[in-house]
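Please look through the sequence and the model below before reading on. The report that follows takes up helix packing, then the sheets, and then the cores.

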Amino acid sequence: MKPIIEIKNYSYKYEDTDQLALKNITLTINEGDFVGVIGCNRAGKSTLCKSLVGILPFVSGGQWDGEIIIDGTSMNDSKGIGVTDIIGVVFQDAESQFTQQTVEDEIAFAMCNFGYERDLMRERVAFAAKACNLENLLGRSPYRLSGGQQQRLAVACILALQPRVIILDETTSQLDPIGRDEVFRLVSQLHEEGKTIIMVDHNIEKIAESVDKILVLHEGELIAYEEPHAVFGNKKMLNEHFVRVPQVTDAAIGLKDRLGKIAPLPIKLDEAEAVFDKIIEGGR
């Protein structure tokens with residue numbers, strides 16, 4: 001696997017504070033990974049996202065130590081220039097990012113700023129609209145979309161630029177279950193098509209169903225970075241850092257006297273169904 005993001009002993013401190021927001025983080029994200037980032041409030045999740053695209057420290061300032069390498073180039077050398085060619089980020093409040101009168105113009109807006117040729121812009125708009133299921137909404141105002149549609153539009157705006165990595169920073173937190181599921185279906189599809197996805201989200205069940213790696217942060221420290229079963233199977237560690245396990249995992253732990261030793265513990269509904277069927281069959 002080829003590394004696309006390498007973080008080496010990276011620490012960051014906002015201006016006018018003595019407290020580190022990130023503390024000596026070291027990890028590697030390979031091309032094609034789907035990483036779920038979890039942790040309680042003020043864990044450092046958004047700070048990490050902004051650091052990966054160079055907003056911190058190269059735009060907003062602050063103090064940092066260590067190094068972040070994007071596709072082989074250290075941001076200490078590039079000062080963040082060129083990162084947006086590789087990484088696109090979608091933040092929580094999609095509506096606040098919109099400036100254009102139609103969905104089509106919104107998708108094209110960033111490409112206009114970068115000076116793309118008109119034919120290429122049309123091609124990219126069509127591609128992004130189809131990928132995000134917005135083809136029938138191109139003439140509508142972004143402000144007349146549902147919450148889920150707005151988040152899909154925010155992803156389409158990034159996707160039109162063809163980044164290899166897409167970061168989603170709590171993009172589903174203000175959505176109803178339908179809108180949330182729309183976004184998770186979309187990013188799962190993009191991952192299957194080869195995109196590297198980094199997704200910050202508080203919905204533990206959806207994260208457990210979707211990702212292939214879990215990154216746990218707490219008060220700026222890296223607590224765990226492993227495959228989902230290894231992380232969610234450690235309830236004690238997660239609870240100590242104010243993160244819960246998936247409901248099906250908790251249920252399996254609670255039924256351990258009847259189920260016996262289970263390895264690995266179920267973290268998805270289909271896995272839990274297979275495990276709990278043993279109890280049903282045993283009771284017949």
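A crossing of two helices is called left-handed if the near helix is turned anticlockwise from the far one by less than a right angle, and right-handed if it is turned clockwise. Helices (H or I, at least four residues) and strands (E, at least two) are DSSP runs, numbered from the N terminus. This is a predicted model, in which local features need pLDDT of at least 70 and side-chain atom pairs count only at pLDDT 80 or more, while totals for chains, interfaces and linings use all residues. Residues are numbered from 1 along each chain as its sequence is written, and side-chain values use heavy atoms, with hydrogens and water left out.

**Two packed helices**

Two packed helices are described by the angle between their axes and the distance between the axes. Here the axes of helix H4 (residues 103–114) and H6 come within 7 Å and cross at roughly 35°, where axes are lines fitted to C-alpha atoms, for helices over the stretch in contact, and angles run from 0 to 180 degrees between N-to-C directions. The crossing of H4 and H6 is right-handed. In this pair, Val103, Glu106 and Ile107 of H4 meet Leu153, Ala156 and Cys157 of H6, contact meaning heavy atoms within 4.5 Å.

**The sheet of six strands**

Six strands form an open sheet with mixed pairing, in the order E6-E7-E8-E3-E9-E10; two strands pair if DSSP finds at least two bridges between them. Strand E6 (87–90) and strand E10 (221–226) stand at the edges with a single partner strand each, so one side of each has no neighbour in the sheet. Neighbouring strands of this sheet are turned by 15° against each other on average, direction ignored.

| Strand pair | Sense | Bridges |
|---|---|---|
| E6 and E7 | parallel | four |
| E3 and E8 | parallel | four |
| E3 and E9 | parallel | four |

Within these pairs, Val89 has Ile167 in E7 as its bridge partner, Val37 stands opposite Val200 in E8, and Gly36 stands opposite Ile214 in E9. Strand E3 is largely enclosed by the rest of the structure, because five of its five residues are buried, that is, under 20% relative accessible area, with exposed meaning over 50% and partly exposed in between (1.4 Å probe, protein chains only). In a regular strand the side chains alternate between the two faces of the sheet. In E3, Phe34, Gly36 and Ile38 point one way, and Val35 and Val37 point the other way.

**The sheet of four strands**

A further open sheet, of four strands, has antiparallel pairing and the order E2-E1-E4-E5. Strand E1 (residues 3–13) and strand E4 (residues 63–70) are joined by seven bridges, and Ile7 stands opposite Ile68 in E4. Helix H1 lies across E1, E2 and E4, running at about 120° to E1.

**The nonpolar cores**

A nonpolar core is a set of buried Ala, Val, Leu, Ile, Met, Phe, Trp, Tyr and Cys residues joined through side-chain atoms within 4.5 Å. The largest one has 51 residues, and Ile107 and Phe232 are those with the most contacts inside it. Helix H6 gives the most to this core, with seven residues. Leaving aside residues up to four places away in sequence, Phe232 touches several others, including Ile38, Ile204, Ile214 and Ile267. A second, separate core of 31 residues includes Ile7, Ala21, Val165 and Leu215.
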